[in-house]
Structures are given as C-alpha cells and as structure tokens.
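Student: Could you walk me through this structure, please? I would like to learn how to read its helices, its sheet and its loops.

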Amino acid sequence: MKLNSQTIHDVVHPTAAFAIRNTYHQVSHPEEQKIPWRESQLNPKNRIDSLAPLPNPLWRIDGCTGLGTQFYSVPLFLEEASPMRFDVFIPEEIAASPCLRELLDLDTAFHTKDATRVRRLGITRHILRALQVWTLKVGLSSVTSMYRDLPFGSRIIFQSLELNIHNINIVIAHMHNLERQLLSIIKLDKILGIPHALLPQPVDIAKLSFLQQLHDSVCLVSVSDPDCLSTPETYIFKALTSGSKYLYHELKTLLLLPPHPHITSPPRYLVTKQCRFGGKTAVVGMLLPYYRSPEPDSLRDALPRWRINNQLSLPQLLDWATQLSSAVLHVREQGKLFYPDLRLDNIVLDAELKVKMVDFEQRGVWCEFGAPEVNAIDYIRILAQAEPFLPDDAADEPCIPKEVQLHYANILTRLLPGWESLDSREDYTPPSSNSQGYTGYNLAWLCLHPVEQEAAEVYMLGRVLWCLFEGQSVPQPGAVWQSYVREPDLEFPAYRRTPERLRGLIDRCTKGRRDTLSSLVARRVSKLTLRDGEGHDAEEVLRVARAWWTGEVSAAEEFLSMRAEWLERGEWKGNYFGRPRLREVLAELDAYKEESLSTGVE
Ligand SMILES: Nc1ncnc2c1ncn2[C@@H]1O[C@H](COP(=O)(O)OP(=O)(O)O)[C@@H](O)[C@H]1O
Ligand SMILES: [Mg+2]
C-alpha cells in the first residue's frame, strides 16, 4: 500500500477504526496496475533530462520534513545568510503521477529526513535544478531581497512538478501570519510570567550566520558580531515555522528549570527580528549551547554502529543510563514538570560523551510510542480532533463520522475541560488565559496526575534503557513516518545483550505494555505491508488496521472509564501498573553499576 498522509489517517492512527472512505480515497495498487504508455518511463517523453549534480549549484538541501513535502533549502549565492528558513514545499497533491513518484524517489522522501540520504534522492536533485533555473530567471538580486526581507519562514512553493524543470511553476508564500504570532520582546516577560532579569540578552537575526539545518526546528549558526561576542561561536538556533506556542513554552521552561549537569543549559540569547507589519521587534527563537559530540552521528544513529563494531562497553552504557535517569528525576522533582518526549532523539552527547537532555516543548511522541495509559488518552484526543464528516462538504478530506468525533470530544472534555482552547490556537497564550490554568499544550499528559505522569515517564525511560543496552536506534522496526540510518534488528521487548538484572528492571519499567500496530502492519522500504507474508494488498492492510484499531480504541475507553470510576471512589492510586518510581530506577542502576565495577563484570 502506498505511503501518504491519508495512510496515516486510514491505517496508522486510531481514526483507522472509523475512517470514511470518500472520494478522497482511491485505493490504488500501483504494483499491479498497468502503467499507460503516456505515463510509462519507456516513453521518451517521460524522461527527465538529467538528475546529475550541478557544477555550481546556487542552493543546497539540508534535509526534509513534513512527510516528504518540505525541503530545507539553503542559498549558496549569499556570502553570509542569516537563518531565515526559506524552505521549498512540494504539496502532496501535485506529485500524484506514479511515473514522477518513481523517477524522483518521492515515496522514499516520505520517510527520509537526514541530509545525507535526502541529497541522494531524485526529488532533491530535481529541486536543486529547478531552483537554479528559477533563481537565474528571477535574478540573483531579487531572490536575495526575498530571502532577506520576507517574513521569517516564507515559502518557495512548487505549484506543479514537471519532468521539465523549466515548466515548474514556482510561487512565493509570504508568511506574515507566522510573524504575527510571534511575541514582542517588550512584552515577553509579562506574557511568559517570568522576571525580566531571567530573560537572556537579545541578538538580531541579521547578526547570525547560518551554517547548517540539522532538523526542522534546529540549525547551527555562528554569531560573529564583535559587539555581541568577542569570538564567533557556534550555537544551536531553535525556532519554529508553525505553532510558535511550543517555542515560547519551551523557552519559559528552560529559563525556570533549575540547572542539572545532564540537561541542556538555558538559552544564551533570544533571537529577535524586526517585523515589517506592526513594527514590532519579535522574538523569533533562541540560541542554545551546541553540544558537539566527537562522533559524526547522533547518539540514536551511533548506537547501532557501535553495537555492530563491538564498541559498546557496559560501564559506558551504565554511565549514560544513570546520567539520563538522574536528569529525568530532576525534571520531575526539581522542575515539577512532565517530560513526554523521552526517546533517543532528544538525548545528545557533549564533547566528553556525557548525556544532555534537550527538547522541552512537551509535545509528546507519535501515537503508540508512549505508555499505554497515555496512548489511551491520545487515541481519544486524536479522534476528538479528527475531521468530522459533513454531508454538504465535497468530502475530499480524510474524516470520521460526526457522531463518533463528538463522542470522543465529550470523553476528552470530561478528562480535560476546556481542551479546545489549548488546541485551537497556534500562538502562545499564558496559562491565566485558559479557564483551568493549564500550563503547556500536551492534552494527554495534562489529563494525568503527577503520580501517573511519573509512571509514564518510567515507561518511556524503560524503552530508552532498552535501546541503550541493546544498541538499537528505536524500539520498533518499520516506523511508518521515519526510516533510520540504521534500522533496528531486534524488537522491544526481546533481549540479546542487556545484562539479566537490567532486563528485569526494564520489564518492570514497561509493565502494562501492549502490542502495537507495527506487529501487524509496517513499512517495508516505501510501502505499507502486512508483516506476515508479502501482503501488498491495500484493502487487506486497511482491513487489518481497522480491526486492530477497533480493539485498541475500545480497550482505551474501557481503561479510561475504569480509571474514572476509581477516581470517583477515591481509590485510584495513579501507578496502576505498579512500575518502579524514578528514584528506584536510578538507585537500581547505581547499585548495578557499583557492583559491576567492583566485580569487573562486563
Ligand atoms: N543543544 C543541542 N546540541 C546539539 N544538538 C542538539 C541540541 N539541541 C537539539 N539538538 C539536535 O536537534 C534535534 C532537534 O532538536 P529538538 O530540541 O529535539 O527539536 P524538536 O522539538 O523539533 O524535536 C535533536 O534531536 C538533536 O539531535
Ligand atoms: Mg526533539
């Protein structure tokens, strides 16, 4: 079955249990289809002139996000570019022709994100060639002015995807709306509710030199203004091109969190930008210290490599495990915060190979990645937020029946009254502006009491410990939305390398775990298939997913109504599955570390 955003709705998310198959959904079987001559690659008309790298490219692509629709484009014709995020967008609907999809590796782009692999894709080369033609046609000076003067996060949109790069229609979308959401530096302390003295010094975005886009929200910059710093230094620039509320929430969290050796230091600078409209000086992002591990790849990608090369030592793994556990404990006990994003992606290593936890947006992880009790609420949330079917509509959006959406919206309201106000806006609203004083925007975690939150953190910590001791990038293979440089060759909760005693600890941390959809349906290269056999039949995948999600959603509802009853009777203890506390996990790891040091066991 093809991979696209509809697949997420119809297979990967709990909406699969109720998905209405409207005109939008034409299940196709490209493998079985006869490609007509006018679309065939054998037809000379359907050949791309060239996908060869350009001798003097004007642009570079640093990676991809948005399920293969957004490419980080970097202008090479500017001597010094500030990090303006002028990305290329390829809307999914313009890339429908099977011939083009194949020639340009669009199905691979769906799950590929890192620069090295993205640069090998046909689509990346095609974009670079099309940008070259467009830039020369529009003129270097005009494109330079666009880059410098347009609102932050403005977009280069390909309105069509043609074999002939000269026929691709490119337009620019000015993202005034994003700048409108940004908070003014003058009001920042009041709106965030923090003392002015805590705010880092501002630096204008024009004084930053862009180096490399690492991730959707994060790039490397150097700050070279002598008034600002004595020597140019490299920083992480974190900014969001949508949902600015998460950025300000993270900024506030980082400024208020007491320091810890294994948690990122707070931002050193606020990055500001003069906005054209309204004339405000807006806070567009923050500069964080850059933790530069001596390894070329991230901890997530390096772990499997070390495992394969037999370079994973138990003392090193125990160090990382205790460093991380103490950081998570600190966030809970000192920060009084929940941390819903615990996975290898959010752990970086510094120059001494010590752990640093990053990412305090509290957005949470993809559906099914978390603890089962969090997933239960998240499934309800996803259904409550799903598009309801309206008979008068053209029905070209993935949707579920209106009464189903309402049913789940009502359950969510009982769990988290007023959730709509947290959900509906992209811009930051202080806790005082919502009736319940909620801090943050993670609906599922806001429903939980602190004891429940800690138990869910322990669950996620258990899965990260599994990845560490097994030397795997992620706990489950075949993630739909992302492929990894080194895919796991073992699946949680199977063990191969973890010391016996730690297996017991990880098992206790992850009590209550349930099977996941990926045990039945997973991505194989760039298609969704049934895991047993060669099931490429889209109808079969849809049927299996629907049955799976029907069971999971009803289990989620049962669990939540049991919780509600126990809560009402005052009998709900919170740690329903009886997992250890964070302190206990840390103590066990410490004890094991000491023992293994004294006995020299490896
Ligand atoms: N301070 C840092 N030093 C080094 N790498 C970092 C730092 N902060 C983030 N990163 C890298 O950038 C990625 C994205 O940052 P993160 O804060 O997790 O953003 P997001 O909220 O978009 O996931 C991380 O997974 C990590 O690889
Ligand atoms: Mg992250």
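Tutor: Let us take a helix, a sheet, a helix pair and a loop residue in turn. This is a predicted model, in which local features need pLDDT of at least 70 and side-chain atom pairs count only at pLDDT 80 or more, while totals for chains, interfaces and linings use all residues. Residues are numbered from 1 along each chain as its sequence is written, chains are lettered from A and ligands numbered from 1 in the order in which they are written, and side-chain values use heavy atoms, leaving out hydrogens and water.

Student: Which residues of α13 are buried?

Tutor: An α-helix has 3.6 residues a turn, so residues three or four places apart point the same way. Here V404, Q405, Y408, A409, I411, L412 and L415 are the buried residues of α13 (buried means under 20% relative accessible area, exposed over 50%, partly exposed in between, with a 1.4 Å probe and protein chains only). Seen down the axis of α13, they fall within an arc of 160 degrees, so they line one face of the helix; the arc is that of the directions from the helix axis to the C-beta atoms. E403 and R414, on the other side of α13, are exposed. Helices (H or I, at least four residues) and strands (E, at least two) are DSSP runs, numbered from the N terminus.

Student: What do the buried residues of α13 pack against?

Tutor: They pack against α12 (372-385), α14 (419-423), α15 (443-446) and α18 (538-568), where contact means heavy atoms within 4.5 Å.

Student: In what order do the five strands form the open sheet?

Tutor: Strands of a sheet pair through backbone hydrogen bonds, either parallel or antiparallel. In this sheet the order is β1-β2-β3-β4-β5, with mixed pairing; two strands pair if DSSP finds at least two bridges between them. β1 (59-65) and β5 (170-173) stand at the edges, each with a single partner strand, so one side of each has no neighbour in the sheet. β1 and β2 (residues 70-75) run antiparallel, joined by five bridges, and T65 has Q70 in β2 as its bridge partner.

Student: How do I read α16 and α19 as a pair?

Tutor: Two packed helices are described by the angle between their axes and the distance between the axes. The axes of α16 (residues 450-470) and α19 (residues 582-599) come within 9 Å and cross at roughly 30 degrees. Axes are lines fitted to C-alpha atoms, for helices over the stretch in contact, and angles run from 0 to 180 degrees between N-to-C directions. α16 and α19 are therefore roughly parallel to each other (under 35 degrees; over 145 is roughly antiparallel, 65 to 115 roughly perpendicular and the rest oblique).

Student: Is S424 buried or exposed?

Tutor: S424 sits in the loop between α14 and α15, and its 57% relative accessibility makes it exposed.
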